Amino acid sequence: MKKIYYGWFVCFGCALLFFCTSGLTTNAFTIYLPYILKINHFTNTQTSMITTIRSLTGFVFMSLSGIYYRKCSLRLGMVVAGLSTAMGFFGFGLSKTFFAYCISAVFVGFGYGVGTMVPIAMVLEQWFGSHSSKSVGLCASVTGLSTLGIPSFLTKIIEDYSLKSAFLLEGVIILIMTTGCFCLVRNKPRENNLIEFYRTDVDNVDEIFPKKISFINKRDWILLVPVMLLLGGMTSVAYSHLAIFMVSEGIRSEDAALIITASGIVIMFSKSLYGFMTERITTIRCNWIFGICLVSGLTLSCFAGSNVYHMLFAILLYSAGLGMTTVGLVVWASEWTNEDTFDACNQRFQTLYTASGILFSSLPGILADHFHGSYVPAFIFFTLSAVLVIGFVQLIYYRKKRLKKFCLNDRKSIVSS
C-alpha cells in the first residue's frame with residue numbers, strides 16, 4: 001500500500017486553522033449580529049463597529065505579518081493566531097459592554113490577519129512547490145463549509161440556551177481545531193527528514209531557465225494595487241450584500257437564504273476545482289473560464305429582478321467563478337514571482353484584498369440610498385470591476401507567455417549554434 005505523503009496532513013492542518021480564522025469569523029459571524037444588537041441594546045452603529053474593528057485589525061496585522069513570521073516560525077505563528085481567535089470568542093461570550101466587544105474583536109482580527117492565507121500559502125509552498133495551487137484550493141474551500149449548517153446550528157444554540165453559550169462553545173471548537181493544526185503542521189519537509197513534493201511545470205520551460213525572473217515590475221504595481229482592491233470588492237463586499245440585494249429586488253428572505261446556502265456549496269467546489277484545473281489546463285485558461293462565470297453571473301443578477309429561478313442561476317454562476325478570486329491570489333503570486341519574492345508578493349495581494357473590505361464596505365449602501373433603495377447600481381460597479389480585474393491579470397499572463405516563448409527560442413538558438 002502506497003504511503004500517504006505527509007504534506008497532505010499539513011494541508012489538512014492548515015485547513016482546520018483557515019476554517020477557524022476565516023470561515024467562522026467572517027461568513028458564520030453574521031448570524032450573531034442581530035442577537036448582539038438585541039440582547040445588549042447596542043445601536044446599529046455600535047454593532048457594525050464590531051465587525052469594522054475586526055476588519056481593520058486584520059488589515060493592520062496582515063500588513064505586519066512579514067515581520068511577525070520573521071520573529072517566529074510558521075507553525076508557532078499559526079497556532080498563536082488560532083489561540084487568539086479562540087480568546088476573542090471567549091471574550092465575546094463574557095462581554096457585557098461595547099468596549100469589551102471591541103477588545104474581543106481585536107483578538108479575532110489578529111487571528112485573521114496572521115492566521116489565514118499568508119502563512120498557509122508559505123507553508124504549502126514549502127511542502128508542495130509548484131503543485132501548491134491544488135493544496136491551497138483544498139484549504140480555501142473549507143470556508144464554504146461555514147455556510148452549510150453552521151448558521152442554523154448557532155441559531156438553535158442561541159435560541160435554546162443563550163448568546164453566551166454559542167460564543168463559548170465556538171471558542172472551545174476553535175481551541176480543538178487549533179490543537180489539531182499544531183499536531184499536524186510542520187514548517188518544512190527537511191526539518192522532519194522528509195522530501196519535498198515533486199516539482200514540475202506544464203511546458204518544462206523552468207527546467208531550462210530556472211525561475212529567476214519576476215514577471216511583474218514596479219510599473220505593474222501602479223495598476224495592481226487598485227486591481228486587487230477592486231477584486232476584493234467584487235468578491236467579499238459583493239457577496240456579503242447578496243442577501244440584502246435579493247430582498248431589495250423583491251425576493252423573499254427565506255428564498256434568499258436558500259440561494260446563499262446553495263452558493264456556499266458551489267463556492268466550496270469552485271475553490272477546489274480552480275486549484276486542480278490550473279495544474280491540468282494552465283492558469284491562463286482557468287482565468288478565462290472562471291472569469292466568464294464571474295462576469296456573466298454578476299451581469300445576469302442585475303437583470304434577474306424578483307424571479308427566484310433567474311436569480312438562483314445568476315448567483316450560482318457568480319459563485320462558480322469565486323474560486324479564482326481567492327485561490328487565484330496565491331497562484332498568481334507563485335507564478336509571477338521567484339522564490340525570493342513570493343512571500344512578499346502574496347502578502348501584498350492578501351493585504352490589499354483585506355483592505356478592500358474597509359474601502360468598499362459602505363459603497364453598496366451609499367449607492368442604494370442615492371438610487372431609491374436599489375442595489376443594482378452597486379452590482380453594475382462590481383461587474384465592471386470584474387471585467388477590469390480579469391483583463392489586467394490576463395495581460396500579465398500573456399506577457400509572461402511571450403517572455404517564456406522568447407527565452408525558449410533563444411535557448412534553442414544557442415544550443416543549435
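1. Ala 86 is found in helix α5. Helices here are DSSP runs (H or I, at least four residues), as strands are (E, at least two), numbered from the N terminus. The model is a predicted one: local features need pLDDT of at least 70, side-chain atom pairs count only at pLDDT 80 or more, and totals for chains, interfaces and linings use all residues. Residues are numbered from 1 along each chain as its sequence is written, and side-chain values use heavy atoms, with hydrogens and water left out.

2. Ala 86 is buried, because its relative accessible area is 0%. The cut-offs are under 20% relative accessible area for buried, over 50% for exposed, and partly exposed in between (1.4 Å probe, protein chains only). Ala 86 is in contact with Gly 171, Ile 174 and Leu 175, leaving aside neighbours within four places in sequence. Contact means heavy atoms within 4.5 Å. The C-alpha atoms of Ala 86 and Ile 173 are separated by 8.3 Å, and the two residues are 87 apart along the chain.

3. Helix α5 covers residues 74-94 and helix α10 covers residues 163-184. They pack at an angle of about 170 degrees, with their axes 7 Å apart. Axes are lines fitted to C-alpha atoms, for helices over the stretch in contact, and angles run from 0 to 180 degrees between N-to-C directions. The two helices are therefore roughly antiparallel to each other. Angles under 35 degrees count as roughly parallel, over 145 as roughly antiparallel, 65 to 115 as roughly perpendicular, and the rest as oblique.

4. What makes the contact between α5 and α10? From α5 the residues include Met 78, Gly 82, Ala 86 and Phe 90. From α10 they include Phe 167, Gly 171, Leu 175 and Cys 181. By class, the contact has 15 nonpolar, 5 polar and 3 charged residues. Ala, Val, Leu, Ile, Met, Phe, Trp, Tyr, Cys and Pro count as nonpolar, Asp, Glu, Lys and Arg as charged, and the others, Gly among them, as polar.

5. On cysteines: the structure holds 0 disulfides. Cys 181 is in no disulfide, and the nearest cysteine sulfur, that of Cys 14, is 6.2 Å away. A disulfide is a pair of cysteine sulfur atoms within 2.5 Å. Cys 181 counts as buried, because its relative accessibility is 1%. Cys 293 is buried too, with a relative accessible area of 18%.

6. The crossing of α1 past α6 is left-handed; that is, the near helix is turned anticlockwise from the far one by less than a right angle, where clockwise would be right-handed. Thr 21, Ser 22, Thr 25 and Thr 26 of α1 meet Val 108, Gly 111 and Tyr 112 of α6. These contact residues divide into 2 nonpolar, 5 polar and no charged.

7. Is Ile 36 buried or exposed? Ile 36 is buried, because its relative accessible area is 0%. This residue sits in helix α2 (residues 33-39). Ile 36 touches Phe 29, His 41, Phe 42, Ile 50, Tyr 101, Leu 163 and Phe 167, not counting residues up to four places away in sequence.

8. Most residues other than glycine have a negative phi. His 41 has a positive phi of about 55 degrees although it is not a glycine. His 41 lies in the loop between α2 and α3 (44-63), and counts as exposed because its relative accessibility is 69%. Phi of His 372 is near 60 degrees, again a positive value in a residue other than glycine. His 372 is in the loop between α19 (363-370) and α20, and is exposed at a relative accessible area of 80%.

9. Ser 385 is in helix α20 (residues 376-416). Ser 385 counts as buried, because its relative accessibility is 2%. Ser 385 touches Leu 230 and Met 234, not counting residues up to four places away in sequence.

10. Overall, the protein has 20 helices and 0 strands. Of its 417 residues, 52% count as buried. Among contacts with a separation of 6 or more, 82% come from residues 24 or more positions apart.
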